[in-house]
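Here is a short briefing for a first look at this protein. Keep the sequence and the model side by side as you read.

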Amino acid sequence: MTNMTKAIGLLSGGLDSTLAVKLMMNQGIEVTALNFITPFCTCTKKGCRHEASRIAKEFVIKIKVIAVKEDYIKMVKNPKYGYGKNINPCIDCRIFMLKKAKEYMEEMNASFLFTGEVLGQRPMSQRREAMALIEKEAGLEGLILRPLSAQFLEPTIPEKEGLIDREKLFGIRGRWRKPQMKLAEELNIKDYQCPAGGCRLTDLQFARKVREAFEHNEDSVGDMILLRYGRHFRLPSGVRVIVGRNEEENSIISRFAEEKDLLMEVVGFGSPITLLKDSCDKRDIKMAASVCVRYSNYKGKAEVRIGCRERWKKNLFIEPIKEEFKKYLIGGIST
Ligand code: SF4
């Protein structure tokens, strides 16, 4: 048991949140890191979770990782405060995460939350008014400290109560990242791989795919993860077909197949795994099998195995699909 003040810090694995954690630790705060995983994170190949865990280990602090569930996707689909440039509902997203963080703060008996947010760095959620709105909606007024920009913000409760020395907090603002890099040097923080973090919802191409999925009521976490892998087609019947482009994608696509989906591969030809989502209609099966042949190394009529999760149910001999099929490609041109 220690008498140290406890705080929960949102740690994305990026530089800003890492600096915030270090600054709080340097003020004698017992920090527990909280990391959120969403299907939309673009961080390192191993993921933000890996990076956040690495930092927590290096700083010898506890970390809790929350993988968002269907309620997060529901929020992305219908955000109260709308979208940013693409399909990024940044204000609702921050409210969502901070509400979860608040629950954890209470569970841990911590005194406040802190983040690595920088005033003016992100156009939607890091404006002064947006920050205030987010705090209010999350039920955390005065309880979110932003050590990197604190000098520009109203003093928070932990500052007023003397738990934190405001003089040792910073006045960084804007998108210019030099001050953070300088601070990293002063705090001896090296090897940060993901200076700005990233979110696929801000990407135009990915946003199109998400919108198209939502229009067809595909809105599970698994649906969103699958959007990151393979070529996606929408058959005339409205169902989705996904074709892996390499071994890694084949394995991920197989892993995310559900009981009601069908997997396909060309027998003996290193075929791409093809996933037919939620359909056992004969025409859909034939079309998907034909797409599978088209993207395999086989030229001509081929034998396609069809089944689900290693349980191959039947084989079909079928010609590769014709070129016009590419009009069904979701989100652009494919080879
Ligand atoms: S960029 Fe993505 S993760 Fe970040 S606040 Fe916006 S929606 Fe959330």
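The model shown is predicted.

**Two loop residues with positive phi**
- Val-60 is exposed, because 7 other C-beta atoms lie within 10 Å, and the limit for exposed is 12 or fewer.
- Val-60 sits in the loop that runs between helix 2 (48–59) and strand 3 (62–67).
- Val-60 is not a glycine, yet its phi is positive, at about 55°.
- Asn-109 is likewise not a glycine and has a positive phi, of about 60°.
- The loop between helix 4 and strand 4 (112–114) holds Asn-109.
- Is Asn-109 buried or exposed? Asn-109 is exposed, with 7 other C-beta atoms within 10 Å.

**Domains**

**The nonpolar core**
- How many residues does the largest nonpolar core have? The largest nonpolar core has 86 residues.
- Ala-7, Leu-113, Val-291 and Cys-292 have the most contacts inside this core.
- Helix 4 (residues 90–107) gives the core its largest share, nine residues.
- Domain 1 (6–200) and domain 2 (229–328) both contribute residues, so the core lies between them.
- Cys-292 touches Val-243, Met-264, Glu-265, Val-266, Ser-271, Pro-272, Thr-274 and Val-304, leaving aside residues up to four places away in sequence.

**Helix 11**
- Helix 11 takes in residues 282–294, which is 13 residues.
- At 1.5 Å a residue, helix 11 should span 18 Å. Its end C-alpha atoms are 18 Å apart, so the two values agree.
- Buried residues of helix 11 include Asp-284, Met-287, Ala-288, Ala-289 and Ser-290.
- Val-291, Cys-292, Val-293 and Arg-294 in helix 11 are buried too.

Technical notes: Residues are numbered from 1 along each chain as its sequence is written. This is a predicted model: local features need pLDDT of at least 70, side-chain atom pairs count only at pLDDT 80 or more; totals for chains, interfaces and linings use all residues. A nonpolar core is a set of buried Ala, Val, Leu, Ile, Met, Phe, Trp, Tyr and Cys residues joined through C-beta atoms within 7 Å. A residue is buried if 20 or more other C-beta atoms lie within 10 Å of its own, exposed if 12 or fewer, and partly exposed in between; C-beta atoms are placed from the backbone. Helices (H or I, at least four residues) and strands (E, at least two) are DSSP runs, numbered from the N terminus. Domain bounds come from an automatic or database domain assignment. Two residues are in contact if their C-beta atoms, placed from the backbone, lie within 7 Å. The expected span of a helix is 1.5 Å times one less than its number of residues.
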